[in-house]
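Open the model in your viewer and switch to a cartoon view. Keep the sequence panel at hand for making selections.

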Amino acid sequence: ILFVGKRKAKKFNQLFRQMDYIPEVLAFPMHEFGPDKVLRLGDVLICFPLARDYARKRNKMVQNVIDEYLEHGIKNLVVGEEE
């Protein structure tokens, strides 16, 4: 799990998805076993400033929004959908 700012999130979105906007969450699948025989699903990138802004607008706790974003990212890793 990686928390980044708006510029870094947009840069990753442009570089890996050719999309020109700031995403709330991105998932990068790996699906490989490490040397310890543990399956690595991949990485989830969360844009913290967007999570904070969304929480303020919806009168939610930032942690709850991050939980939602993390769940979304993990589902994308497990199901294999692109986001």
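This is a predicted model: local features need pLDDT of at least 70, side-chain atom pairs count only at pLDDT 80 or more; totals for chains, interfaces and linings use all residues.

Start by selecting residues 6-17, which are helix α1. α1 has 12 residues and reaches 16 Å from its first C-alpha to its last, close to the 16 Å expected at 1.5 Å a residue.

Next, show the side chains of A9, N13 and R17, the buried residues of α1. Their arc around the axis is only 35°, which means that they sit on the same side of α1. The general rule is that residues three or four places apart in an α-helix point the same way, because there are 3.6 residues a turn.

Now colour R7, K11 and L15: these are exposed residues on the face of α1 turned away from its buried side. Just after α1, stop at Q18, which takes a positive phi of about 55°.

What do the buried residues of α1 pack against? Select β1 (2-4), β2 (25-33) and β3 (39-47) to see their partners.

Stay with these strands. The 3 of them form an open sheet in the order β1-β3-β2, with mixed pairing. β1 and β2 are the edge strands, each pairing on one side only. From one strand to the next, the twist averages 15°. β1 and β3 run parallel and are joined by 3 bridges. Zoom in on L2 to find L45 of β3 opposite.

Finally, view the helices against the sheet. α1 lies across β1, β2 and β3, at about 60° to β2. Select residues 62-79 for helix α3, which also lies across β1, β2 and β3 and runs at about 140° to β3.

How values were computed
Residues are numbered from 1 along each chain as its sequence is written. Side-chain values use heavy atoms; hydrogens and water are left out. Helices (H or I, at least four residues) and strands (E, at least two) are DSSP runs, numbered from the N terminus. The expected span of a helix is 1.5 Å times one less than its number of residues. Buried means under 20% relative accessible area, exposed over 50%, partly exposed in between (1.4 Å probe, protein chains only). The arc is that of the directions from the helix axis to the C-beta atoms. Contact means heavy atoms within 4.5 Å. Two strands pair if DSSP finds at least two bridges between them. Axes are lines fitted to C-alpha atoms, for helices over the stretch in contact, and angles run from 0 to 180 degrees between N-to-C directions.
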